Amino acid sequence: MPHEHREQVTIAVLTYRRAADLDRILPLLLEQAAKAETSGWPTEVLVVDNDPEAGARDQVKQAAGLRAAEGRRLRYVHEAVPGISAARNRAMAASPDSELLVFIDDDESPGERWLMSLLETYADYAPAAVVGPVRSTFEVEPEPWIEAGRFFARRRLATGTPVQVAATNNLLLSLPVVRRLGLEFDPDFGISGGADSLFTLQLHRQGGPMVWCSEALVDDVVPSHRLTRRWVVTRAFRSGNSWSRVQLRMEGSGARRGTLRLRLLGPALLRASGGTARATFGTLTRSDKHQARGIRTAARGLGMLSGMLGYTHLEYGRTPKRGKQPRKPHPAAARREHPGKAG
């Protein structure tokens, strides 16, 4: 029996030239929306296409037409401005009648009770945001060195645990709170990454509580081209780079930023030097664990230093459409779970 009427929910999936991923995830999200509807949460699915050529328009509109007879609500909006910040802001602007906005990536797969778990946690705690865990799975088996380095380790917390920062790959937002505070995703971080960290830190600092929901699990499929030493080390560097830039942006004024740079210098140098020492020890002792984790720590430290000095590492670079092949869906048999914790 349906529950009493509750807040309007929008599930937002951002996409950029990933037709195969959209074909896979849209039915899953529509199923999640249907389950929420039966429990009294009016829910729609919103696709935000960040392709300047609107490549997903026909694909989504065809899917919406096929689902209309079932009462499934699927909408499409186009955001031509490049960058993930613009796409996230478009999702918020395109949901004026919704109280709750739920972000998920187009290359993820939600667990069976993913959405309902987020909504139930929201109902229990009434926070400004609910954050769910992401579990890495792999298209191909990672080499032992990458496993030893815990490059894909992610945090896991108990439901209800307060958090201060989050990514948008599994995030429920209370839009009335976001609107009241006047928050948006910073376009300066739209290509480099880190906009979600900045946004959620600002939300927390301005009194918007965020809580963890351990049951709202999504799987993130890591493609084979990201399972190289070069890619994972570069990602660790980018993580440190964006972390420093986010901290500096949070300070606002030039004088306060200068003081923060001095405070961050010690931890950044400690990571860079300590990580290098551990990596050297690992090389001498032929230990993948010490070498890989040392390199990961050193790369993050160097990233922190580069961010303090004003360098911006651009993670979300774009390539011309010509000759680009869509990613193929990954057979479940080829995936291996990697639960991990925050490093």
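1. Trp 114 touches Ile 11, Leu 29, Gln 32, Val 102, Phe 103, Ile 104, Asn 170, Ala 216, Leu 217 and Val 218, leaving aside residues up to four places away in sequence, where contact means heavy atoms within 4.5 Å. The model is a predicted one, in which local features need pLDDT of at least 70 and side-chain atom pairs count only at pLDDT 80 or more, while totals for chains, interfaces and linings use all residues. Residues are numbered from 1 along each chain as its sequence is written, and side-chain values use heavy atoms, with hydrogens and water left out.

2. Trp 114 and Leu 119 have the most contacts inside the largest nonpolar core, which has 35 residues. Such a core is a set of buried Ala, Val, Leu, Ile, Met, Phe, Trp, Tyr and Cys residues joined through side-chain atoms within 4.5 Å; buried means under 20% relative accessible area, exposed over 50%, and partly exposed in between, with a 1.4 Å probe and protein chains only. Among the elements that give two or more residues to this core are β1 (9–15), α1 (19–38) and α4 (114–125), and the largest share, 7 residues, comes from α1. Helices (H or I, at least four residues) and strands (E, at least two) are DSSP runs, numbered from the N terminus.

3. Another core, of 34 residues, lies apart from that one and includes Ala 129, Leu 171, Leu 175 and Leu 203. Leu 203 is also one of the buried residues of helix α7 (residues 195–205), and the buried residues of this helix pack against α3 (84–93), β6 (129–131), β9 (170–174), α6 (175–181), β10 (210–212) and α8 (229–251).

4. The axes of α8 and helix α10 (residues 288–308) come within 7 Å and cross at roughly 35°, the axes being lines fitted to C-alpha atoms over the stretch in contact, with angles running from 0 to 180 degrees between N-to-C directions. Among the residues that meet here are Phe 237 and Trp 243 in α8, and Ile 295 and Leu 302 in α10.

5. Ala 126, in the loop between α4 and β6, has a positive phi near 50°, and at 58% relative accessibility Ala 126 counts as exposed. Arg 286, in the loop between α9 (254–285) and α10, has a positive phi of about 60° and is exposed, with a relative accessible area of 79%.
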